[in-house]
Amino acid sequence: MRSIKQKMKNYTSLTIAVAVLTLAACSPSEAPVVAKDHFHPKGKEPSEFTLEIFEKARETLPFSDRRDFEEQSRGFIAAPESKKIMADAGHAAWDLERYEFLLEPDKINSVHPSMLRMSQLNMNFGLYEVIPGIYQVRGFALANITFVKGDTGWIVFDPTEAAETARAAKELVDEHLGELPVVAVIYSHSHADHFGGVRGIVDEADVRSGKVSIIAPRDFMAYAISENIYAGNAMTRRLFYQYGVLLPASPYGHAGQGLSQNTAAGELGLIIPTRIVEDNIEEFEVDGVNMVFKNTPGTEAPSEMNTYIPGMKALWMAENVVGSVHNIYTLRGAQVRDSLRWSKYINKALYAYGQEAEVMFASHHWPRWGNERVQEILRDQRDVYAHMNNQVLHHVNQGVTINEIHNVYKSPASLEKGWTTGFYHGSRENNSRGIVNYYLGHWDANPATLIPLSPRDSAPLYVEMMGGAEKIMAKGQELHDQGKYRAASEILDKLVFAEPQNQVAKDLLADVYEQLGYQQENPGLRNAFLAGAYELRSGIPEGASPKTSGPDMIRAMTTDLFLDFLGIRMDGRKAEGMAFKINLVTPDNGEKYLIELSNSALTNIEGYQADDADLTITINRSDLEQVMMGAKSLADQIADGTAEIDGDAGVLQQLASTMVDFELGFEILPGTKGPSPETDLNDFEVGPVGAMSE
Ligand SMILES: [Zn+2]
């Protein structure tokens, strides 16, 4: 981070002068205050309107309720000296030091007080006792890693997202609780921050030999792989917004992620489970510890399960109940989740196990002790998901649309008064829109939005009708100066879409987004506004690429998923007029596919072969994986005899000629492609970026 700051200082004074001059030139009103400690030379301090929102939050939210802080620090055993965990590749896999500024909240006035409070809580770091026999290492990654003592070793719930952080956690456990082997791993759900670090604590050979068992919920493998493939590139790009991938850790930038401070950027692996919990409820012993597993499909993840340990009266709520409201709609993009079903599964946990549980722990945040507290949290969480679902539909049935619901839906006052249902991961606004989308889809039933013009096509007309750029800038500045930021963004967005090269307009819109970002309680909303401001000011920096998969994940992809994705990579326009059939045979796993290109669509069907195929390819699935990973081309494998072909090899060349490699740096906001010459940020260092699939 230091290098970018130093580099920026070199041209800070010049760019500030330019920014102030341009703003002064376009409006007679006072320019916003440039923040001198801001990582960006055009960055501004929070305005009086933003500070007013903070002040109101401080007055109305129950800051005197300190139970979360007591629970967060309870049972602390030890922490390593350094808050940095190095990756095998040499970079920092995890760096909590970057967030130490959060430990001095009184000095921060550019983060919403409620979000700041959560970010302070997420500074917990080290080994903690949940109860005798259950321990958690927290603050080593996005997710917690939990160790339950079995008869012969540790049963691990959720080995975080990176091998390096899981290994470091195990070393801390060894040091303070005595060295014991890991004998079982339980993946609570199909998101990578809950299984990606498995290779840091388990040797795959021990899994194969039966020494270590790996337990997972129903359909785990299918969803662990498929959720991020089809729209993967778009989802990864959108992480720059939801997770603020480009934003330096700073009171003016990335100031926590709600579930934890950030994600770990290390080796992401996956060892295939040895036991799947297929039934809705299964009870069995794991290394001598009796556990009740309860599948909760279609909640926080499509494949997820809670676990109750009756002998310890301990309830593991996976990621179904954490210290925040979760995503019904995830800003990075994912299929919308079922809020009602989620609520019902929490209700089942409340009545099946919550009547006697004395402790509840989860894969993020901190445990809750005492039956009363366990029930309080379960009830509040059950109700918040039910309320969202029911009240959103209540409004919808009276005509409120997807484009209005976020301005209409409000949480009940009783839940607003507590901390257990804060919106630190899912946002109230986008969860409510997500619920409308879940039931009705994206259309608001207004004919004007049935087949609207694209923003780039409609914007010039708006600008023309509003009287041109100068008028819009003057009004935009006026609205900005009055603190009417959402109104300002309405018109400035049109101008920026009509005139993508108008840097003065982009800078003013960036100022607007920055204030909107500061004002948010929800880290995803904050990051999205601040990322938008960042890209408008400086363009999209190159070279920052979050990791969403690794070799293990690609190996675990089914062949039809791989073939489906080829169909997505294919540019249909390049395939006009092409038509062929390919038989694909993978002898080592006994699979056969018929792949057909017709009408510019590439389709595949398992178990069939065409008699009139233009080409038959025979290759072991294990060799095909080299192609899937991009390590070797199919042409090379044909040349060296790894793959055999029979028929017209020309169809492969035709197919290859239609393939497109998706680039991550596509524009979201216009005129942001490539760093602008004014702020040359080519060597901009971003923080560690790891697997994200929340
Ligand atoms: Zn998670």
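Where is the place of Asn144 in the chain? Asn144 sits in the loop between strand E5 (134-138) and strand E6 (145-149); helices (H or I, at least four residues) and strands (E, at least two) are DSSP runs, numbered from the N terminus. Before going further, keep in mind that this is a predicted model, in which local features need pLDDT of at least 70 and side-chain atom pairs count only at pLDDT 80 or more, while totals for chains, interfaces and linings use all residues. Residues are numbered from 1 along each chain as its sequence is written, and side-chain values use heavy atoms, with hydrogens and water left out.

Let us stay with Asn144 for a moment. Asn144 is buried, with a relative accessible area of 4%; buried means under 20% relative accessible area, exposed over 50%, and partly exposed in between, using a 1.4 Å probe and protein chains only. Its side chain reaches the backbone oxygen of His365 at 2.8 Å. That is a polar contact, a pair of N or O atoms within 3.5 Å; within protein, one must be able to donate a hydrogen and the other to accept it, and residues adjacent in sequence count only if both atoms are side-chain atoms. Leaving aside residues up to four places away in sequence, Asn144 touches several others, including Gln136, Phe157, Ala362 and His365, where contact means heavy atoms within 4.5 Å.

Now step back to the whole chain. Its secondary structure comes to 23 helices and 21 strands. The radius of gyration is 26 Å, close to the 26 Å that the globule rule gives for 694 residues, so the chain is as compact as a globular protein of that length. This radius is taken over C-alpha atoms, and the globule rule is 2.2 Å times the number of residues to the power 0.38. Of the 694 residues, 56% count as buried.

Next, look at a sheet. Strands of a sheet pair through backbone hydrogen bonds, either parallel or antiparallel. Here 5 strands form an open sheet in the order E19-E18-E17-E20-E21, with mixed pairing; two strands pair if DSSP finds at least two bridges between them. Strand E19 (601-606) and strand E21 (644-647) stand at the edges with a single partner strand each, so one side of each has no neighbour in the sheet. From one strand to the next, the twist averages 15°. Strands E17 (residues 580-586) and E18 (residues 591-598) run antiparallel and are joined by 7 bridges; Thr586 has Glu591 in E18 as its bridge partner. Helix H20 (residues 559-569) lies across E17, E18 and E19, running at about 170° to E19. Axes are lines fitted to C-alpha atoms, for helices over the stretch in contact, and angles run from 0 to 180 degrees between N-to-C directions.

Another helix to find is H18 (residues 523-538), whose 16 residues reach 22 Å from first C-alpha to last, close to the 22 Å expected at 1.5 Å a residue; the expected span is 1.5 Å times one less than the number of residues. In H18, 14 of the 16 residues are buried, so the helix is largely enclosed by the rest of the structure. Asn522 caps its N-terminal end, with a side-chain oxygen 2.9 Å from the backbone nitrogen of Gly524. Just after H18, Gly539 takes a positive phi of about 80°.
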